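Welcome! Take a look at the structure below, and then we will work through two exercises together.

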Amino acid sequence: MSESVIEARNLCKKYGEKYALKDVNLKIEKGEVFAVMGSSGAGKTTLLRLLNLLEAPTCGEIYFFGKEASSIRGSERLELRRRMALVAQGAPLFRASVFDNVAYGLRVRGYSRSYIKNKVSEALEMVGLKGYENRNARTLSGGEMQRVAFAMATIFSPDVLFLDEPTANLDPIREKAIEDIIMKINKIGITVVLATHKQNEAISLADKIAVLYNGQIEQIGSPEEIFYKPRSRVVAEFVGTENVIDGVVEFSNGREVIIRTSWGFRLSAAGPGLTKGDLINVCIRPEEIMIIREDIPVNPKHKNILTGVIAEIHPQGGAMFRIKLKNPPLIIDVPRHVVDKMALKEGKKIRVSLKLGACHLIRA
Amino acid sequence: MGSMEFLYEGFIKALKLIISLDPYVLSVTKVQLAVSGTAVVLGTLTAIPLAILLAFTKFPGKAMSQGLITTAMGLPPVGVGLFVFLLITRRGPLGFLDLLYTPSAMILAQYILATPIILGVSLSALEEVPQKIKDMAFSLGGRYSDVIWIVVKEAKLGILTGILAGFGRAIAEVGAILTVGGNIVHIIGSQEVSYTRTLTTAITVEARQGNIPEAIAFGIILISLAFIVNVVLVNYVMRFSKGYENV
Amino acid sequence: MRKLLLAILILTLGCITRPPIQSNCKLVMATTTSTYDSGLLDQLNPVFQEKYHCTVEVIAKGTGAALRIAKEGNADLIFVHSRQREEAFVAEGYGVNRRDVMYNDFVIVGPASDPAGIKGLKNVTEAFRRIYEAQVPFYSRGDNSGTHEKEKTIWKLAGLEPSGKWYYLLGMGMGETLTIANEKQGYTLTDRGTYLKWKDKPGFTLQILVEGPVKGGDTRLMNPYGIIAVNPKVYSNVNYEMAMAYIAFVTSLEGQEIIKNYTINGEHLFYPNA
C-alpha cells in the first residue's frame, strides 16, 4: 500500500447558505494522477482550492502526509504549502518576463541567482519553451501560457501539483501536447491532482477518478470502473454512457438476470446479487453495441438481438460514426469501415446485439 | 497692430524667452516643478502605503472610505486653498509655523489635492489585480508579504498612472497656490526671481498685466509639461498595460 | 420655501414687466482695482445709468493693464491714477478729453511694532530709505499699476534700487497685497481708499505709519485720478458719445458731490478737483 499524500474526511464548503462541497472523502496516493471530474459548477475548483490551502473548509479535515491541516501553523504551514502548487484555470501569469514568472517559486524560497538561472532553463526545456526567457509572458499564446504556468509550478519540485482544467480553451493538438507534459511531470514523481470535465483527458491520464456532482463525490475509482461500471445514473451519463435504460429484474439465477426494460424489450445480462423485482438502470456505452451483418445468421453467441431503423447517422471525430436508432432509441458508435461496408444510411433497418458484458447494471 | 500680428509677435517673443533661458521664466518653471514635484513625491509616499493597506484589509466602513476618496479626488482647488489658508494663517491653528505665502504652503495645498488622486487610482489598480494572481503567488510558496509585493508589481502601471495624474493635477491648478502662495517674486540683483510664483499663477498675473509674451511663454512651458506627462502615460503605460483578458 | 417662490415670482415678473434700460447701450470702463475696490463706482454708476439709460460695465485692472485694454479698443473710457501715463496715452492719440476728477493720497502702512522706525516721518524717501536699510519685508504690488508706478517713482527719488529677499513682488491687486502684507506683518505702499476699506477687516492690524498730503503728509504721495475717453478716430466702434456723457457727469456738480460725500466709516475717500 503506497503512502497517502492527501486525505480528505467529510469535507464541506459553504458559500453563504449554499454548499459548494459536501461530504467529500478521498485519498490521493503518492505518485498517482488523480482526476476530479465534473461539469462546471460541480465543485472541482473549490475542492482544489481547499486542498491547496487557499481557502479553509467549512467542515471536515484535510490530512497532508498524515497530519491534519488545521494543526499545522506558522512556518510549518509555509513549509507544507511549499510542497504543493496550483495552476489555476486559464494559467494566470504575472505581468513580467517568462524568466521572472518561472523563477518566482524559487525566488520566494530565497535561492541564489545562478541556481535559479539554471533551474529556469531546465524547467523551460521540460515544457518545450527553451529560449523563451526574455519574452513578455502576457503576449504568449494560450498554450504557451499554460506551459509557462507548468514550469512555474514544477520548478521547485513540489510533491503535489494541482491542475485546474489545464486544457480548457485549447485545440486538440495543443491539448495533446499539454497532456504529454502532464505525464512527464507525473513521471518525475510529482503527484498530480487534475480537475477536468473532459473524459478523454481523464481516461488517458488518470490513475484514479473522482466524479463530482453538485458538490458531492458520486464515485471514486479507476477509469475502467468509472467508465464501464458507473455506480449511478449521474456518473453514467457524465462519463458518456449514452444509453441508460430503466428496467426491472424479471428473473434471476443468482449470476445472470433477465430484465424488462421501459423501452419495451427484454435483456439478459450479468447481474450477480440481484433478485427479482429489483429496479435497475442498464448502462450501455455506444461503442459496445455491435451491428450484426445481414448475411450472417444469428447464432447463440449473439445475445440480446434487437432490430431498429436508423434515424440519424453523423460522422464523429476519429473516423467514428454515431448512429441514432428509432425505437428503441439506442445510440451506437461504429467505425467508418463498417458504415461503408454495410452501406448504413438513414432509414435502413439493422440488427444489433448487446453483449452480456456491455450491459452494465446499476441499482436505480 | 492687427490681431494676428499681435499674436505672432507675442509668440515669437515667448519662444525667445524660452530659448534664451530667461532667468525669470526659468525660476518660475523651477518653482513650479519643485512645488508640484515635492507635493507629488510626498503624496506618493502617503498614498501608496495607504492604498496597499486599504486594498488588503477589510473593515467596516471600507465602502464609505472609498466614497470619501472618490470625493476627495475632485476637491475644488480654490476650496483646498481656502482650507489651507485658514489652517496656516497667523490666527489659524498652525499659524505659529509661519507657513503662509511660502513654497511649503503651496506644497501642502497641492499635496492635499494630489494625494487622493494618487490614492484613488492606485487603490483601484491594486484592487483590479485578479484573485487568481494573488492565489498564484500564494500557491507558488509566497508569504503574505510576497503576495502583496506581486500585487503592487502587477498594479505598477496603474500606480504610475495615478502618480502622473496627481502630477498633472498639481501642475494645472492655480486656485490653491494663488491663495496660499501669494504669487511672490523677489528682486535679486536687478533680476526678478520667483519665490512662490508658478507657471499657472504667472500666467494669471502676466495676462492680467498684459505681458502677453511672458504669458504665452509660461503657457507653452505648461502645456509642454502636461504633454510630456501624457506622452509618458500613453506611450509607456498604455503600451505595456496588457490587461487581464486572458486571466 | 414660500418666500423663495415669491421672490422668484417677483424677479420673473419684474423682468417681464420692466425690461432692462436700453439694453443695447453699453459703456465699457477700464479702471484700476483701487478705484473699484473703494466702492465709489457703486455710488456713481447707478445714478449715471438712471440718467442716461446706459449700462456701465467695469473692468478693474492695474493702471497698466487698464491702459492696455483701452489701447486695444476693448474699452470706451478709462478712469485711472497715473498722471504721467495718462498724458502719454493722450499724446499717443489713443485718448481724448482727459479731465481731472478727484484725488486722494498714498500712505505707507506697516506693523505697529514698526521695525524700520518710520512712524510719523514727513519725508517719504527717508521712510523708504529706512525700510531699505533695515531690510524688513516690503510687499510691492508688482503689477505695473498706478500704485506700483508711484512706488517705483519714490524708490527712484530716494536713489535706491530695491533688491533682495525682503522685497516681495506680488503681481496682485491692492486688496490682496494688503492681505498678504498684513498676514506677514510687512510694509506696503497703498492708496488711502483701499486701506480704509481693509483696516476694519477681522485680524487686520497694519497701521498708517507715513501719512499722505490729505492728512498733512509728504505731497509726493498725492494720488490724482483722471478720466479719458478712447479716441473714436482710432477705434470707430467705441461708444464715444456715452464716454463723453460719463466724463461730463463725473465732473459735473452732481458727480463731484457724490465723490465728496462718499465715506467709509465716516472717513472721506476721495476729494473732488474737477
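Two exercises with worked solutions follow, after a short note on the model.

This is a predicted model, in which local features need pLDDT of at least 70, side-chain atom pairs count only at pLDDT 80 or more, and totals for chains, interfaces and linings use all residues. Residues are numbered from 1 along each chain as its sequence is written, while chains are lettered from A and ligands numbered from 1 in the order in which they are written.

**Exercise 1.** Describe how domain 1 of chain C touches domain 2 of chain C.

Step 1. Find the domains: domain 1 of chain C covers 2–104 + 224–272, and domain 2 covers 106–221. Such bounds come from an automatic or database domain assignment. The centres of the two domains, taken over C-alpha atoms, are 28 Å apart.

Step 2. Turn to the contact, which takes 19 residues from domain 1 of chain C and 18 residues from domain 2 of chain C. Two residues are in contact if their C-beta atoms, placed from the backbone, lie within 7 Å.

Step 3. On the domain 1 side, helix 2 (33–38) and helix 4 (63–71) of chain C are the elements that give two or more residues. Helix 2 of chain C has the largest share, four residues. Helices here are DSSP runs (H or I, at least four residues), numbered from the N terminus.

**Exercise 2.** Describe the side of chain B that touches chain A.

Step 1. Count the residues: 22 of chain A are in contact with 17 of chain B.

Step 2. Helix 6 (131–139) and helix 7 (144–154) of chain B each give two or more residues to this side, and helix 6 of chain B gives the most, with six residues.
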